[in-house]
Amino acid sequence: MLSGLVIVDKPQGWTSHDVVGRMRRLAGTRKVGHAGTLDPMATGVLVVGINKATRLLTYIVGTSKTYTATIRLGESTVTDDAEGEVTATHSAARITEDDVRAGVTALTGEIEQVPSSVSAIKVNGERAYARVRSGEEVKLAARPVTIHRFEIHELRPARDGEVLDVDVTVECSSGTYIRALARDLGNALGVGGHLTALRRTQVGPYSLDQARTLEQLADELKVLEMSQAARALMPNRELTAEETTEISFGRRIAAGATAGTSAAATADSPTAAFGPDGTLVALLADTGNYAKPVLVFAPDNEKRAAAAAPEAPPAPGQAD
């Protein structure tokens with residue numbers, strides 16, 4: 001059974017669900033999910049899991065992301081991006097590079113961000129964007145996010161200076177809305193702003209260099225094998241043959257070298273454990289003097305180990 005991650009270069013105009021549907025056909029399986037939605041307007045890295053690799057997606061969703069983007073200052077839109085109607089315009093002719101840099105600095109580091117009202121966040125069981133489309137005014141609560149890097153590349157005046165396009169790179173924590181950054185930068189400068197282009201270049205350890213377009217994948221389905229994917233994603237532990245057997249049956253073994261420290265493996269941040277042949281055997285969490293399996297991948301013993309190991313969380317982005 002084919003299992004692994006596919007790093008897709010999502011095309012513009014496609015939803016993440018569209019990509020999952022296409023990957024199901026290419027891989028010949030319904031067990032496909034993705035690790036973090038990209039808006040239809042956005043392009044770039046979408047990590048897709050196939051079969052057993054869907055169990056890794058939970059640990060990919062929370063990783064940092066990197067984007068290149070263009071922010072247009074001088075116009076606000078209902079969606080905070082180019083797909084929505086313009087709701088207000090203010091000349092950006094007075095905005096200087098120093099002004100933009102000061103605004104970017106204020107939005108760097110740990111901040112409180114109010115997501116776009118047309119995000120997929122649920123409000124009383126219904127997506128926020130659905131409520132907005134039905135004419136309802138939606139106000140979402142601010143949430144903490146971290147902007148690790150907010151770098152300006154170029155400022156490009158347009159329309160005789162009435163709008164100012166700013167090309168940037170943003171490296172941020174999971175849950176950050178880049179279009180909300182565009183909105184907030186424009187509001188801080190008093191002219192409004194929205195996002196006109198967005199490309200995700202990295203998700204955790206997986207980058208655009210590894211990504212393939214859907215056309216390329218149709219010609220050759222390039223899959224990052226489970227062991228390779230896990231080695232790049234989380235701390236590693238090499239098991240002995242005896243430990244491999246114990247873990248394969250869901251039994252605990254001696255704790256890892258980082259047990260008892262701040263770097264100890266947990267159920268949310270486990271260690272990837274590999275057998276002597278390099279195969280991914282399980283994800284482990286340290287509890288006291290022992291390490292126990294969070295997920296077991298050993299092919300011959302998965303069913304028996306499932307009774308001993310905690311139930312796996314559902315794969316993010318799993319399509320119905």
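What share of the contacts in the protein chain between residues at least 6 apart in sequence join residues at least 24 apart? That share is 70%, where contact means heavy atoms within 4.5 Å. A few notes from going through the model follow.

1. **Ground rules.** This is a predicted model, so local features need pLDDT of at least 70 and side-chain atom pairs count only at pLDDT 80 or more, while totals for chains, interfaces and linings use all residues. Residues are numbered from 1 along each chain as its sequence is written, and side-chain values use heavy atoms, with hydrogens and water left out.

2. **Overall make-up.** The protein chain has nine helices and 19 strands; these are DSSP runs (helices H or I, at least four residues; strands E, at least two), numbered from the N terminus. Of the 320 residues in the chain, 50% are buried. Here buried means under 20% relative accessible area, exposed over 50% and partly exposed in between, with a 1.4 Å probe and protein chains only.

3. **The cores.** A nonpolar core is a set of buried Ala, Val, Leu, Ile, Met, Phe, Trp, Tyr and Cys residues joined through side-chain atoms within 4.5 Å. The largest one holds 30 residues, and Leu73, Val100, Phe150 and Ile178 touch the most other members. At least two residues each come from β4 (65–73), α3 (97–106), β10 (143–158), β11 (163–172), α5 (178–188) and β12 (193–203). With five residues, β11 gives the most to this core. There is also a second, separate core of 27 residues, which includes Val45, Val47, Leu57 and Ala230.

4. **Phe150 up close.** If you click on Phe150 and ignore residues up to four places away in sequence, you'll find that it touches Ile71, Val104, Leu107, Thr108, Val168, Thr169, Val170 and Leu181.

5. **The five-stranded sheet.** Strands run in the order β15-β17-β18-β19-β16 in an open sheet with mixed pairing; two strands pair if DSSP finds at least two bridges between them. At the edges sit β15 and β16 (253–254), each pairing on one side only. Strands β18 (residues 280–287) and β19 (residues 290–296) run antiparallel and are joined by six bridges.

6. Helix α7 (residues 226–233) lies across β15, β17 (271–274) and β18, at about 140° to β17. Helix α8 (residues 241–248) packs on the sheet too, touching β15, β16, β18 and β19, and its direction makes about 85° with that of β18. For both angles, axes are lines fitted to C-alpha atoms (for helices over the stretch in contact), with angles running from 0 to 180 degrees between N-to-C directions.

7. **Arg237.** This one is worth a look: an arginine in strand β15 (residues 236–238) that counts as buried because its relative accessible area is 15%. Its side chain makes a polar contact of 3.3 Å with that of Glu243. A polar atom of the Arg237 side chain also lies 2.9 Å from the backbone oxygen of Ala254. A polar contact is a pair of N or O atoms within 3.5 Å; within protein, one must be able to donate a hydrogen and the other to accept it, and residues adjacent in sequence count only if both atoms are side-chain atoms. Beyond four places in sequence, the contacts of Arg237 include Ile253, Thr271, Phe274, Leu284 and Ala291.

8. **Helix α1.** The length checks out: at 1.5 Å a residue, its 12 residues should span 16 Å, and the end C-alpha atoms are 16 Å apart (the expected span is 1.5 Å times one less than the number of residues). Its buried residues are Ser16, Val19, Val20, Gly21, Met23, Arg24 and Ala27. Their cover includes β1 (4–10), β2 (32–34), β3 (43–50) and α6 (214–219).

9. **Arg22.** Within α1 (residues 16–27), Arg22 counts as partly exposed because its relative accessibility is 26%. Its contacts, leaving aside neighbours within four places, are Trp14, Leu214 and Ala218.

10. **Two positive phi values.** Asp80, not a glycine, has a phi of about 65°; it is in the loop between β5 (75–77) and β6 (86–89) and is buried at 8% relative accessibility. Asp160 has a positive phi near 55°, is found in the loop between β10 and β11, and counts as exposed at 82%.
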